Amino acid sequence: MPRQLMKGNEALMKSAILSGCRAFYGYPITPASEITEAAAVYMPQVGGVFLQAESEVAAINMLYGGSSAGIRCMTASSGPGISLMQEGVSYMAGAELPCVIADITRGGPGVGNIAAEQSDYHQVVKGGGNGNYRTLVLAPYSAQEMVDLTAWAFDLADRYRNPVVVLADGFVGQMMEPVEFPQCAVLPPSPDWAVAGNAETRPNFITSLHMDPHALEEHNNHLESKYRMAERQETRAEEWLTEDAEIVLVGYGIVARILKAVTAEARAEGIRVGLLRPITLYPFPISAFQTTADRARLFVVVEMSNGQLVEDVRLALNGTRPVEFLGRTGGNVPPHRELLDFVRKKAAEIGAIRVSQKEQMAYV
């Protein structure tokens, strides 16, 4: 299939349809609205259902019904709308209903503004609803990864019977880049646990209500076993030039792209810098950080927030290495020059060993 130039938001929706998504329930909100618009255009063309709900609360509860019927379905929103969905997300996790939720993050708190930010991390990664549940969270940093990780999100949702969130900042959702889609679309059969409104599926009973304390504890333990399995099998991270790095830069989304450029420029100056980009925010790629810590002397976490990802980095390293933090909020992007100057300063402070002149030339 030829490459196509499009926004990350539209690429995500096209990937969802190719992945077998046949129902979309949503309410428009900047900077995620193009996903809803694309769903309105493309979903009817494949015999799917598009419904603009009256609110985000309605949308997530419609998703509950669509998933119960065994349909691959999704919604999309941004910070304030995701906040309204949290009760429904908890219900779906409790009822073991798979779905995909795209969160194209904007500035907060409250209504905030429509500029890109990364302040939804705690809400999504830690679980904003009640009870003992988690959502699996994937963090694309390009339009191509909006395609690839959305396809993976639907597979993970079905495999673990759990909501999966594609968490992208507004820059990744709005930027236009060439993307490639897989050649073949898929349409998985209805799962055997679904309620299809016929005699065969009448015995199926989907609920998150367990009145007996022992039954609810058993259910919680079952959910926890799924999350532990995901932690063992589904972590993913990109490591770039970390083999000999003394300073490791950490970021996701648009920030990681800036950090990659900073890494290349710092290398060209002879500073041993690498990039570690978590792709799965939950399950968090702890082992990648621990392995890198065997060689690195300092980690620098950069976020478009007051500091949320940095907490998981510190937990993963467990005090074995110092962790510095740089953050911007309000929709401001960490400036490239400011980050490079910070790396130079820290390299001088720790007396970082310089790479050879030959190695430097590879990054000029």
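Is Phe-289 buried or exposed? At 0% relative accessibility Phe-289 counts as buried, where buried means under 20% relative accessible area, exposed over 50% and partly exposed in between, with a 1.4 Å probe and protein chains only.

Before going on, a word on the basis: this is a predicted model, in which local features need pLDDT of at least 70 and side-chain atom pairs count only at pLDDT 80 or more, while totals for chains, interfaces and linings use all residues. Residues are numbered from 1 along each chain as its sequence is written, and side-chain values use heavy atoms, with hydrogens and water left out.

Let me turn to the rings, which pair if the centres of Phe, Tyr or Trp rings (for Trp, the six-membered ring) lie within 6.5 Å, planes under 30 degrees apart counting as stacked, over 60 as edge-to-face and the rest as tilted. The structure holds 4 aromatic pairs. In one of them, Phe-284 and Phe-289 have ring centres 5.3 Å apart and planes at 15°, so this pair is stacked, and Phe-284 is itself buried, with a relative accessible area of 10%. Phe-289 and Phe-299 have centres 6.3 Å apart and planes at 35°, so that pair is tilted. Phe-289 lies in helix H10 and Phe-299 in strand S13, residues 298-303, with helices (H or I, at least four residues) and strands (E, at least two) being DSSP runs numbered from the N terminus.
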